Amino acid sequence: MSAAEGALLAMALLPGGMGAALAVTRRWERVATPIAVATAGVTTALAAVVALARPALSAPFVAGADFALEVDALAALTAPMIAAVTFLVLVFAAGSIRESRARFHGLMLIFSAAALVTASAASIPALLFAWEVMGATSYALIGFWWREPRRVSAGLTAFLTTRTADLGLYVAAGAALAGGAGMALSDLPAATDPWRHVVAAGIMVAALGKAAQLPFSFWLSGAMQGPSPVSALLHSAAMVAMGGFLLLRVEPLLAATGWAGPVAAWLGMLTAVLMGIVALAQRELKQLLAASTVAQLGFVVLAAGVGAVSGGAAHLVAHASTKALLFLAAGAWLTAWGTEDLARLRGVGRRWRVVGVCASVGALALAGIAPLSLWATKDAVLAAALETSPWLYAAGLLASALSAAYAGKALWAIWRRGDGAGIRAGGNGQVGALEQAPLVVLAAGAAGLVVLALPPLSRALAQTLGGHGEVSAVELALSAVIAAAVLLLMLRLRAPEPRWAREWLGLERIAHAVVVRPSLSLAHALARFDDHVLDRTVMAAAGAVPVLARIAARADDRILDAGVDATAHAADVSGHLAAKVDDDGVDRGVEILAGRVRRLGHLARIPQTGAIHQYFLQAVAVLTIGVVAWSVYTVMG
């Protein structure tokens, strides 16, 4: 194994193994935080090494399928982002998580390891393994404060929703084998029809579920019940981001089907527009950010649908830095101020200037203000959409305008003076240095990662990953003007907050009506059938057993036992008769036979004289008798 391959293996095993050790033991409670931060730091360095070396590993798993990892150009861009964001989030958590630190940091490391394996997975077995671990760990992290039922319920909703969509990956795996493509992700476009379409459909469903795209979006609202560092990592570099990443990974498969690309593109744009409206209607900062995550991932899904892999990857990385920054800032204010209600957060940016300025950089990037990162990365995707369909491009511009609107709503809330300024709802009133330092780094990323979508780096990414080249200056200018105009307009207008949008389009109620309640009704009906039909049948059968046993016992006593007694008596009689016959007949016959054998023995000993001439005469006599007998037989025949 080469050094690069060892680094790839260590990048996956180090955070996973250390995370498991921390999660299952309480002895390291006091040192869990520095161990986790150090592990995340080393993992970030390893991710940088493998991004440069591009190693690959493969081990036999089952017949026709290997457990394969490979750092290609897309993974080389994504893996360092996952590791770096995890490191910064854990530094922030060092100043905010005070209880159950070993369990928390252990789960976060496992979560990060699963995301890193997902990013580098080159075969379906490796992808499925990491995908499942990531989903299970998200459940434990969202419901981390397990003594509060609402938090556990939110984690369960997220787990069941994404787990239902994850079944698509298993369908895709079976279809890949049936279609003769094997389990390597790069070979999936070669699957025969109709299996290639089944593979694409299964992967799309799983990816859309993880990315919280329509109709799965509602689970992300409940995910806000987890600790703020969990929300920051889950919404930026892991879990949700990995849904969009998977679609970028299998873009050749989407293109090969002919239909999957357009479906993904329109679903992404529909999600970006509708969830932009949902974000605009929210009254709590974390709910606004959660809805905006779904909307921004819609641009990544659009990129996969129109073949703009380089633009989608750049948007994914820039969004990770921006959204981690905003969620951590929201977590800092929640801890210090005790609320996430936008009305009560008014002026909070003035109280902690570092947090306020960094959050403002993130909000402006989210709005698409030039020259910050999401301004250009978003347009790199929209430029490809324009080549595909002007209607897609128009929907993208609408989604961009909504991004500026909901980002402006959050921005004005944290800086505007009002009745709520200076009124603390609760909390400790402090934001420590460990919580502020990661925000500065992430703010630099939210601003500086614009280089990914501008020349010359954009051309290099397009040549390596696949894309549509550079974005025209006209498109960039148009996007910047729209964002600035909408942002200024938010100074004058109050954002509408329709209930249907504030409640996430009623998607959870629809899911309960369409899936949950029918499933429960079916379960109750089956339970009643089990109680009233199956159980009664079994009990009736059980009650009949003693009756049958008594009948069998009487038959045994009266028939079988009597027959056995009669048979035994007959056997005694037969035995006496046989003994008498034996004494009177058989014994006498044996004695007669023995006497005759003795006489024959005496006769046989007579010729045995020991004289050779006598033996010669006997032989001649026997030969003569044989010749005479043969002659007689010949004459008579």
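Colleague: Which helix does Ser 400 lie in?

Modeller: Ser 400 is part of helix α18. Keep in mind that this is a predicted model.

Colleague: Is Ser 400 buried or exposed?

Modeller: Buried, because its relative accessible area is 7% and the cut-off for buried is under 20%.

Colleague: What does Ser 400 touch?

Modeller: Leaving out residues up to four places away in sequence, Ser 400 touches Phe 299, Ala 367, Lys 378 and Leu 382.

Colleague: Now Gln 296. Which helix is that one in?

Modeller: Gln 296 sits in helix α13. Gln 296 is buried, with a relative accessible area of 1%.

Colleague: And what does Gln 296 touch?

Modeller: Its contacts include two histidines, His 315 and His 319. Leu 366, Leu 374, Ser 403 and Tyr 406 are touched too. Again, residues up to four places away in sequence are not counted.

Colleague: How far apart are the C-alpha atoms of Gln 296 and Ala 272?

Modeller: They are separated by 6.3 Å. Along the chain, Gln 296 and Ala 272 are 24 residues apart.

Colleague: Switching to salt bridges. How many does the structure hold?

Modeller: There are 12. Take Glu 497 as an example. Glu 497 forms a salt bridge with Arg 283, and the closest N and O atoms are 2.7 Å apart.

Colleague: Where do Glu 497 and Arg 283 lie?

Modeller: Both are in loops. Glu 497 is in the loop between α21 (473-489) and α22 (499-502), and Arg 283 is in the loop between α12 (260-281) and α13 (285-306), so the pair ties together parts that are 214 residues apart in sequence. Arg 283 is partly exposed, at 43% relative accessible area.

Colleague: Which lysine meets Glu 497 in a salt bridge?

Modeller: Lys 409, at 3.1 Å, N to O. This pair also links distant parts of the chain, because Lys 409 is in helix α18 (residues 390-415), 88 residues apart from Glu 497. Lys 409 counts as buried, at 13% relative accessibility.

Colleague: On to the inside. How many residues are in the largest nonpolar core?

Modeller: The largest core has 195 residues. Helix α14 gives the most to this core, with 18 residues. Among the residues with the most contacts inside the core are Ile 203, Trp 219 and Trp 333.

Colleague: What does Ile 203 touch?

Modeller: Its contacts include Gly 168, Leu 169, Ala 172 and Leu 188.

Colleague: What about helix α20? Which of its residues are buried?

Modeller: In α20 (residues 457-465), Ser 458, Leu 461, Ala 462 and Leu 465 are buried. They cover an arc of only 100° around the axis, which puts them on the same side of α20.

Colleague: Why would residues three or four places apart point the same way?

Modeller: Because an α-helix has 3.6 residues a turn.

Colleague: And what do the buried residues of α20 pack against?

Modeller: They pack against α3 (73-96) and α14 (309-337).

Colleague: Where is the nonpolar surface patch?

Modeller: Ile 510, Val 514, Val 515, Val 516 and Leu 520 make it, and its area is about 420 Å². Val 514 is in helix α23 (residues 507-605). Val 514 is exposed, with a relative accessible area of 58%.

Colleague: Last topic, the backbone. Which residues are joined by a cis peptide bond?

Modeller: Asp 193 and Pro 194 are, with omega about 0°. Leu 214 and Pro 215 are too, with omega about 5°. Pro 194 is in the loop between α6 (149-178) and α7 (195-210). Pro 215 is in the loop between α7 and α8 (219-222).

Colleague: What is phi for Ser 100?

Modeller: Ser 100 has a positive phi of about 50°, although it is not a glycine. Most residues other than glycine have a negative phi. Ser 100 is in the loop between α3 and α4 (101-120).

Conventions. Residues numbered from 1 in each chain as written. Predicted model: local features only at pLDDT ≥ 70, side-chain atom pairs only at ≥ 80, totals over all residues. Heavy atoms only, no water. Patch = residues over 30% accessible without salt bridge, like charges linked within 9 Å, V, L, I, M, F, W, Y side chains within 5 Å. Areas by Shrake-Rupley, 256 points an atom, 1.4 Å probe, with all protein chains shown as cover. Salt bridge = Lys/Arg side-chain N within 4 Å of Asp/Glu carboxyl O. Helix = DSSP H or I, 4+ residues; strand = E, 2+ residues; numbered from the N terminus. Buried < 20%, exposed > 50% of the residue type's maximum accessible area, 1.4 Å probe, protein only. Arc of directions from axis to C-beta. Contact = heavy atoms within 4.5 Å. Core = buried A, V, L, I, M, F, W, Y, C linked by side-chain atoms within 4.5 Å.
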